[in-house]
Amino acid sequence: MTDISITIKDRTGKIHSVNAPTDMSMNLMELVKSYEIEDEGTIGTCGGMAMCASCQCYILSEHQLKEMGDDEEAMLSEAFFVKENSRLSCQIFITKDLDGLEFEIAPAS
Amino acid sequence: MIKTDILIIGAGPTGLFAVFEAGLLKMKCHLIDALAQPGGQCAEIYPKKPIYDIPGFPEILAGELVDNLMSQCKQFEPGFTLGERADKLEKLDDGSFIVTTNKGTKHKSKIIAIAGGLGSFEPRKPILENLQKYEDNGVDYMIKDPQKFKDKSVIIAGGGDSALDWTIFLADICKSVTLIHRRNEFRGALDSVDKVIELKDKNKVNVITPAEVEKLHGDKKLEKITIRINQDNVKEISTDFFIPLFGLSPKLGPLSEWGFDIEKNAIKVDTFDYQTNIPGIFAIGDINTYKGKLKLILCGFHEATLMCQSAYKILNPGKNLILKYTTVSGVHGFDGSKKEAEKSVVKSINS
């Protein structure tokens, strides 16, 4: 079994529990898109290059994530609605240790 | 009034390739784009990023791809209306369309190809109370005419290239320039960062970091702003202008009012020729949607090619069209240029 489960709170507050594959080198932004949780064109605008912040999310569970790269940190420094637990979901790849992860999608801007 | 055969809205890779394909069928194109240069996202957002799935190019930078597409379609002499957003659509009785931009430029054509990607790029606005009140009354999101700021005091906010570049540029023109950024680090070209530091050391610009703009004040016009420095130090600064430069985000914008069938923020098309529900208007590239759609540049090229076949039939009713191969027919530019394969030489040997 290569799937893990992830819980996503969308921009309206609705909770989605989804299966996420760990063998497709997919990231969390792509996961949101693959389940069509947010409207097309409002998330992952730059395609996942940490260049637009449209996929900003808030990590709600206690998972230890890989540290932010310079790109992600710089982009978040220019984004709006940024909180302590903000990350760019396109920079977080789905791996086994993320099983049970919970995150919320930040408002569109 | 600009008149053309095919009016293309969006000068990204798909729009530029459509110029070439249309040119092969002797149709002339004009492009409108909200950005100041052609290339769309490839030029604006990621010119230095490599792309690996353009057929025939194992690796090509997005900026190079745009340069190549520009040079490929050059002989078909496309016209450009840049830095303007296509706002209004009118249909005339003779079946042609008039598209007017936000600056009032009018374009007339029988065929429209929407190749607008994710929409037109609009400045991302900071979340500040009363921001709208001061728009064009002290708040600007783009610098179109730097002379407007001559001998004025200006506050720029942002940490990317445009914030740095304009700080440098305006330093010579303005009475004072203050750059505010949420962090101490800037995300820009190294030499721009060095230049700003040099200007700061010479007291030619003020740089305040880490700081954020909190409030705007002024009766009718912007007069001063409140900033929060280092979390707890609040300060008011008098200023004539506030220019937030937080990048651009694409918006479908006025296109959503043109009467198209919209699904998933994209325009529904018939996959026969990528025509929309409005006859004579096609949608190609990332802006369209259909069953099985993939938002890839290479798919946009294919859609542009098929679209031109139907466009030709609309523009030339009753004329039969035959597919021609460029290897056989060559490419004959509207500028008089001619490209074709060299003829092989047949020579007999007399002995």
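This is a predicted model: local features need pLDDT of at least 70, side-chain atom pairs count only at pLDDT 80 or more; totals for chains, interfaces and linings use all residues.
Where in chain B is the place of Trp258(B)?

1. Trp258(B). This residue sits in the loop that runs between β19 (248-251) and β20 (262-263) of chain B. In sequence Trp258(B) and Asp87(B) are 171 residues apart, yet their C-alpha atoms are 9.0 Å apart in space.

2. Confidence. The average pLDDT of chain B is 93, and 100% of its residues score at least 70. For the complex, the predictor gives an ipTM of 0.80 and a pTM of 0.82.

3. Overall build of chain B. Eight helices and 25 strands make up the secondary structure of chain B. The C-alpha trace of chain B spans about 90 × 65 × 40 Å along its principal axes. Of its 351 residues, 37% count as buried. Taking contacts in chain B between residues at least 6 apart in sequence, 61% join residues at least 24 apart.

4. Domains. The domain assignment divides chain B into domain 1 (2-121 + 249-339) and domain 2 (131-246). The C-alpha centres of domain 1 and domain 2 of chain B lie 37 Å apart.

5. Helix α1(B). With 12 residues, α1(B) reaches 17 Å from its first C-alpha to its last, close to the 16 Å expected at 1.5 Å a residue. Because 11 of those 12 residues are buried, α1(B) is largely enclosed by the rest of the structure. Among the buried ones are Leu16(B), Phe17(B), Val19(B) and Phe20(B), and the list also includes Glu21(B). The buried residues of α1(B) pack against β2, β3 (29-33), α2 (40-44), α3 (62-73), β10 and α7 of chain B. Just after α1(B), Lys26(B) takes a positive phi of about 65°.

6. Helix α7(B). This helix covers residues 297-315 of chain B, 19 residues in total. Its end C-alpha atoms are 27 Å apart, which agrees with the 27 Å that 1.5 Å a residue should give. The buried residues of α7(B) include Phe301(B), Met307(B), Cys308(B) and Tyr312(B), with Glu303(B) also on the list. They pack against β2 (6-9), α1 (13-24), β10 (111-114) and β22 (281-283) of chain B.

7. Nonpolar cores. Which residues of the largest nonpolar core touch the most other members? They are Ile8(B), Ala18(B), Ala113(B) and Ile114(B), out of 48 residues in that core. The largest share of this core, seven residues, comes from α7(B). Apart from it lies another core of 28 residues, among them Val139(B), Val154(B), Val205(B) and Ile225(B).

8. Ile114(B). Leaving aside residues up to four places away in sequence, Ile114(B) touches Ile9(B), Gly10(B), Leu255(B), Ile267(B), Ile281(B), Phe282(B), Ala283(B) and Ile287(B).

9. Backbone points to check. Most residues other than glycine have a negative phi, and most peptide bonds are trans. Ala53(A) has a positive phi of about 65° although it is not a glycine. Ala53(A) lies in the loop between α1 (28-34) and β3 (56-59) of chain A. With 26 other C-beta atoms within 10 Å, Ala53(A) is buried. Asp136(B), likewise not a glycine, has a positive phi of about 65°. The loop between α4 (131-134) and β12 (153-157) of chain B holds Asp136(B), and this residue is exposed, with 9 other C-beta atoms within 10 Å.

10. Cis peptide. Thr209(B) and Pro210(B) are joined by a cis peptide bond, with omega about -20°. Pro210(B) is found in the loop between β14 (206-208) and β15 (211-217) of chain B.

11. Contact between the chains. How many residues does the contact take from each chain? Chain A supplies 14 residues and chain B supplies 22 residues. On the side of chain A that touches chain B, the residues divide into six nonpolar, five polar and three charged.

Terms used:
Residues are numbered from 1 along each chain as its sequence is written. Chains are lettered from A and ligands numbered from 1 in the order in which they are written. Two residues are in contact if their C-beta atoms, placed from the backbone, lie within 7 Å. Ala, Val, Leu, Ile, Met, Phe, Trp, Tyr, Cys and Pro count as nonpolar, Asp, Glu, Lys and Arg as charged, and the others, Gly among them, as polar. Helices (H or I, at least four residues) and strands (E, at least two) are DSSP runs, numbered from the N terminus. The expected span of a helix is 1.5 Å times one less than its number of residues. A residue is buried if 20 or more other C-beta atoms lie within 10 Å of its own, exposed if 12 or fewer, and partly exposed in between; C-beta atoms are placed from the backbone. A nonpolar core is a set of buried Ala, Val, Leu, Ile, Met, Phe, Trp, Tyr and Cys residues joined through C-beta atoms within 7 Å. Domain bounds come from an automatic or database domain assignment. pLDDT is the predictor's confidence in each residue, from 0 to 100.
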